[in-house]
Amino acid sequence: MTSPVSYKIVDEIGVITVDNPPVNALSQAVRQGLQDAIRTAQSDASKAVLIHCVGRTFFAGADITEFGKPAVEPFLPELLNEIEDSTKLVVAALHGTALGGGFETALASHYRIALDSAKVGLPEVKLGLLPGAGGTQRLPRLAGIPASLEMILTGTPITAGRASELGLVDRIVSSDLRKAAIEYTRELVDSGALVRRTSELTAATVDDSVFDEIRSGLAKRARGQTVSSRIVDCVKAASELAFTDGLKLERELFVESMRDPQSTALQHMFFAEREAAKVLGVSRETAHRDIQKVGIIGGGTMGGGIAMSFANAGYAVTLIEINDDALDRGLAIVEKNYAGSVKRGKLSEAAANKCRDLIIGSTEYAALADVDIVIEAVFEDVELKKDIFARLDKVCKPGAILATNTSYQDVNAIAAVTARPEDVIGMHFFSPAHIMKLLEVVRADKTADDVLGTVMSLAKRIRKVAVVSGVCYGFIGNRMLAGYFREAQLCLIEGGLPESIDAAMYDWGMAMGPISVADLAGLDVGYKARQGLSEEERGDPRSYRIPDALVAEGRLGQKSGAGFYTYDPMTRKKTSDPAVLEVIEREARDLGVERGAIEADEIIDRLIYALVNEGLRILDEGIAQRPGDIDVVYVYGYGFPAWRGGPMHYADAVGLDTVLARINEFRGRFGADNWTPAPLLEKLVAENTTIVDWAKRSVG
Ligand code: T1G
């Protein structure tokens, strides 16, 4: 097995070259190769050492696939100390994304040169970890405490330019990094530059109030996450303790974080997000269709947001509306959204203008004759959607992809009205579509593999996290959500209050409580959807009588200033409204429901286990390809806390026998209609196995 690390003296410079695709992760073999090379360099003819990676990036961090396995020497922290202790100066040449242990390797080097397109960062917090190879001690000594806290607590990479401002990069070049880096190292040698050990620097102290302020802010910016306060402890130590003592604390807290179930959940999410991009049965070699021009039907909230997603990625977009007034309204929404992004500093005026100018409006379907993909985003009326697809079938060129943004309609039925069902697919965006990262890609019975492959890679280019779903009512996310909302409403009518149910789920980690979500989405949306369903399809009347009663009173939610809560017209601040309690008590009386106290634990279990139970049915039916896909849907689309790993990971973490026992208890108390355990749940408990192990066996 050839080592991914090679070493050669070039122009008296000991050049260490690393080639470990795809992202030069610091695997055991890379660490071993680095150690061998740095040791060789100590006693050979080289005057200095250069560390350079080939491929798309400098080290993108420790090898995450090695986590959870017995650690093998050389260990990264000790290896980086050895690099720093080199008697010959060491230069690191950065390109791509120098992240985590990769950036820590650069910080342990004595000098750093970077391509101007490079980014550097310490994203360990996104894995529930903290930099564990000296990053929390070396970074503050170079960039100071405040910048270090920002970088490590957010995990957001910074540009080479910003890194240079912070004293983290000494030289920036725009091309041919390897050649420039050898010349730069040569220059350092010729100028008599000395080894420069970051550990020998001291981090400028800051007032304790800086740490207190950060700690008090953690409740908001890192709600529920345990690693953030450990990060603050480490960075604070950098300004108070000697380097070796700071390293010791970092190691202790790193090991504590690695053992934390939150990190296990976040590591699961890291790989689940990347697995979700792979379509089972469709090889990565499948040719993709060329997408240059995009058409959007419908300029409402969704249509406008979808248009922006494509324009933000540089695509020319044609937005179609039924008439000029509607078109003007649609373009005005886009205008307002871009103005908002500029005001919030998310986009520069120039960038916003460039994106906005890529979106043109029309009322003529003929304007779509040359587009490569069309996404229909009109309101949820299946007959209207069928009409539109019949028209698109006539005007769009052969090979154009015809997509619907429906959030629950039968994509097969929509495809069937065209002569090219193989070109039809579902692309379910989430509102606001220019912000929400999730995209449910709905594979209809006849959708061609290249259409699916094309849309999955297109999703990555418009910076969405795509998950494949089969066709069923509500696909993965909304189908599972029905049980979640049902239980929220049942808990309400049985004795909960909007604020207590919301608090239980919010404190558990959901981005927003279910009652507030209903108000945000609009109670009329659910009301209208129910009008199209039969009595039986509507389900348990106790689960919609209250929202229906509120709609009847004109309380549609945030959009009408009142729903389950009342909203301040200026600040949108919500307050509880005794009038709502009256409606709840009235409907409960009407339905003969005796209201009583409901504990937060029960609320959480009923809502989350309703998700889990339906999720297991969806897996069993093959609507979702793998359990991780369901977790990605809920974390990116429904505000499920990533540090709990999504509904499927959470169920395995709690223990399926515990979940089944609780569901059986609920069946006993509330009946089989709502609480019949999914057959797969009973099967996995009987086999004493987990969802993940079952998936490994059955999905591969
Ligand atoms: N280890 C192992 N595999 C990795 C990896 C890593 N660090 N990073 C990426 N991969 C795999 C990934 O699974 C995928 O595999 C392929 O590379 C391409 O990735 C001690 C403890 C670098 C910005 O958190 O953020 O260092 O699916 O699809 O969109 O302090 O990957 O093709 O089989 O994401 O171009 C810190 C994690 C680790 C960075 C590239 N580092 N990676 O994005 O490609 S902890 C990170 C990323 C650490 C030390 C600590 C991104 C990327 P496959 P991709 P991309």
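Reply: A backbone N or O atom of alanine 62 is placed 2.8 Å from an oxygen atom of the ligand. Please note that this is a predicted model.

Me: How much of the ligand does the protein bury?

Reply: The ligand taken alone exposes 1,000 Å², and 78% of that is buried by the protein.

Me: Which elements give two or more residues to the shell around the ligand?

Reply: These are strand E5 (97–99), helix H3 (101–108) and helix H11 (261–276). The largest share comes from H11, which supplies 3 residues.

Me: And which residues come nearest to the ligand?

Reply: There are 28 residues around the ligand, and those that come nearest are Ala62, Glu104, Glu124, Arg274 and Lys278.

Me: How does the shell divide by class?

Reply: The shell around the ligand holds 15 nonpolar, 5 polar and 8 charged residues.

Me: What lies 2.9 Å from a nitrogen atom of the ligand?

Reply: That is a polar backbone atom of alanine 60.

Me: Changing topic: how many residues has the largest nonpolar core?

Reply: The largest nonpolar core has 73 residues. Ile476, Met505, Phe564, Ile608, Leu616, Leu619 and Phe640 are those with the most contacts inside this core. Helix H25 (residues 600–621) gives the most to the core, namely 11 residues.

Me: What does leucine 616 touch?

Reply: Setting aside residues up to four places away in sequence, leucine 616 touches Met648, Ala678, Leu680, Leu681 and Ile691.

Me: Which residues are in the other core, apart from that one?

Reply: The other core has 61 residues, among them Phe59, Ile64, Val120 and Val232.

Me: What about phi of asparagine 24?

Reply: Phi of asparagine 24 is near 50°, which is a positive value in a residue other than glycine. Asparagine 24 belongs to the loop between strand E2 (13–18) and helix H1 (28–43).

Me: Is asparagine 24 buried or exposed, and why?

Reply: Asparagine 24 has a relative accessible area of 2%, so it is classed as buried; the cut-off for that term is under 20%.

Me: Where is aspartate 176, and what is its phi?

Reply: Aspartate 176 sits in the loop between strand E9 (171–173) and helix H7 (177–190). Although aspartate 176 is not a glycine, its phi is positive, at about 45°.

Me: One more residue: where is glutamate 82, and what does it touch?

Reply: Glutamate 82 is in helix H2 (residues 76–84). Leaving out residues up to four places away in sequence, glutamate 82 touches Gln35, Ile38 and Arg39.

Me: Why is glutamate 82 called partly exposed?

Reply: Glutamate 82 is called partly exposed because its relative accessible area is 24%, and that term covers values between 20% and 50%.

Me: How far is glutamate 82 from aspartate 507?

Reply: Their C-alpha atoms are separated by 45 Å, and glutamate 82 and aspartate 507 are 425 residues apart along the chain.

Technical notes: Residues are numbered from 1 along each chain as its sequence is written. This is a predicted model: local features need pLDDT of at least 70, side-chain atom pairs count only at pLDDT 80 or more; totals for chains, interfaces and linings use all residues. Side-chain values use heavy atoms; hydrogens and water are left out. Helices (H or I, at least four residues) and strands (E, at least two) are DSSP runs, numbered from the N terminus. Buried means under 20% relative accessible area, exposed over 50%, partly exposed in between (1.4 Å probe, protein chains only). Contact means heavy atoms within 4.5 Å. A nonpolar core is a set of buried Ala, Val, Leu, Ile, Met, Phe, Trp, Tyr and Cys residues joined through side-chain atoms within 4.5 Å. A residue is near a molecule or strand if one of its heavy atoms lies within 4 Å of it. A polar contact is a pair of N or O atoms within 3.5 Å; within protein, one must be able to donate a hydrogen and the other to accept it, and residues adjacent in sequence count only if both atoms are side-chain atoms. Accessible areas come from the Shrake-Rupley method with a 1.4 Å probe; for residues, only the protein chains shown count as cover. Ala, Val, Leu, Ile, Met, Phe, Trp, Tyr, Cys and Pro count as nonpolar, Asp, Glu, Lys and Arg as charged, and the others, Gly among them, as polar.
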